[in-house]
Amino acid sequence: MADALGSPLLVLLAWAAAGLITMLGSLSNAEVASMFPEAGGQYVYFKKIYGKFFAYLYGWTTFSVVQSATIASVGYVFAESLNNFLHLPDISIYFPEALRSFTLYADIQPFSNFTIKLITVGMIWGLAVLNIRGIEMGKIISSVLATTIVICITVIVVACFGFSGGSLANLTHVPAGEAFYNLAGHGNDAAPMGFFGAFFGAMLAAFWAYEGWVTIGYIGGEVKNGERNLGRGIMFGTLAVTIIYLIVHTAYLYTMPIEGIAALSAKENSIAAVEILGYFLGNGGVMFLSLLILCSTFNATNTSVIAAPRVYYALAKDGLFFKSAADIHPKFKTPWKALLIQGGWASVLVFSGSFDLLTDMLIFAAFIFYGAGAWGVITLRKKLPLTKRPFKVPLYPVVPILFTLFSAVLVIRTIWDQPGMAAFGLLLILLGVPFYFFWRRQNGDPELVGPEDPKED
């Protein structure tokens, strides 16, 4: 983000803008979640709104791109952070040059950075096995780590503002000519179409950080008083995360000049937060923040591993996925085969490309359906006007319309800026179409019946 924008204030503005847009989406999602507090989240919502084919396509995309790539990309950061501790050699240096540089479509290099990818895959399978043995252990781990992360973030912010030797001037400092250079769009690879392209690209990075706001809907059937708590959880959770990111990144930009942060984008396996804390705390700071990121990414990956199989389970119960995904372990009472299927595909995505490819691809795919979900609020207001809505989106219909329009712009813009990545993501989505007709035929085309609107007395 620093490399693309060249201005600390613009970086913070990108975080704030992405957070505001995410809030518009989460508010829209919260209304529908409060109407249908059932396991499966948006898969269930889309079934009510658009019918079984679109719902299936969302479920397939969750499996093939969004959740699997989320697990792969967050696990990738875990592996990079672990490498800061262990300083493991990259196994790929022992590969023949032809194999090491072997490139598939859209800059996919499966054998590059091989050590990091092996660690990532090991983590994914370790969490799959952990959650097969029981969801309660996964919940306990998430609770403990979430508390630890909040405490550590507080320590980092205090350290940056109190002991880094940073300056408020860093927050307004722009290298000579940098802002005009990016605004004009002359020759900057990160901004092929000037300021708008640079700012949009920066927001994509922020959207990945905010990703996960729909996940609570996957476990809607397991949330106590779901009609009331789902909407509030989505809304206040998104707001809290946005505020935390803004505070933390203000601390980072206060500590290190923007050009120092931008230079890190060319350093392989570097993590900006780690480098910034090491800037004034040395190796001790690097170790501390690497440990925090280990906890954070382990927790985030674990949360994704726990939640997503509920979607695959719902698909399988409707006869629109691998039948085994609906199997419950006889001893541990968990969707163990769904966890294994998810782990296998997430591992394939780890080797399919780099961290940036994974995150951009999942955001592109996700916003196709996020926009459809926001428009679904308007559709349901007309289709089911009498259905109880414990949470109603404020400023209706402005909020869902704005988010739908932005989602459309993001999807079109990504196709324009990154056609190779977008085509790869669309290919993975469209691969689900023949599977849909195969599973329908195999299972006798099961009917998925939606709800009826309550009759007025």
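Reader: Among contacts in the protein between residues at least 6 apart in sequence, what percentage join residues at least 24 apart?

Author: The figure is 80%, where a contact means heavy atoms within 4.5 Å. This is a predicted model, in which local features need pLDDT of at least 70 and side-chain atom pairs count only at pLDDT 80 or more, whereas totals for chains, interfaces and linings use all residues. Residues are numbered from 1 along each chain as its sequence is written, and side-chain values use heavy atoms, with hydrogens and water left out.

Reader: Why is phenylalanine 364 called buried?

Author: Buried means under 20% relative accessible area, exposed over 50%, and partly exposed in between, with a 1.4 Å probe and protein chains only. Phenylalanine 364 has 0% relative accessibility, and therefore counts as buried. The residue belongs to helix H15, residues 355-383, helices being DSSP runs of H or I of at least four residues and strands runs of E of at least two, numbered from the N terminus.

Reader: Which residues are in contact with phenylalanine 364, leaving aside its neighbours within four places in sequence?

Author: Phenylalanine 364 touches Leu410, Val411, Thr414, Ile415, Met421, Ala422 and Leu426.

Reader: Why does tyrosine 50 count as partly exposed?

Author: Tyrosine 50 has 32% relative accessibility, so it counts as partly exposed. Tyrosine 50 sits in the loop between helix H3 (42-49) and helix H4 (52-86).

Reader: What makes helix H13 largely enclosed by the rest of the structure?

Author: Helix H13 (residues 309-317) is largely enclosed because seven of its nine residues are buried. Those buried in H13 are Pro309, Arg310, Val311, Tyr312, Ala314, Leu315 and Ala316, and just after H13, glycine 319 takes a positive phi of about 75°. The protein as a whole has 18 helices and zero strands, and of its 457 residues, 53% count as buried.

Reader: How many disulfides does a search of the whole structure find?

Author: The search finds zero disulfides, a disulfide being a pair of cysteine sulfur atoms within 2.5 Å. Cysteine 295 is in no disulfide, and the nearest cysteine sulfur, that of cysteine 152, is 6.6 Å away.

Reader: Why do cysteine 295 and cysteine 160 count as buried?

Author: Cysteine 295 counts as buried because its relative accessibility is 18%, and cysteine 160 counts as buried because its relative accessibility is 0%.
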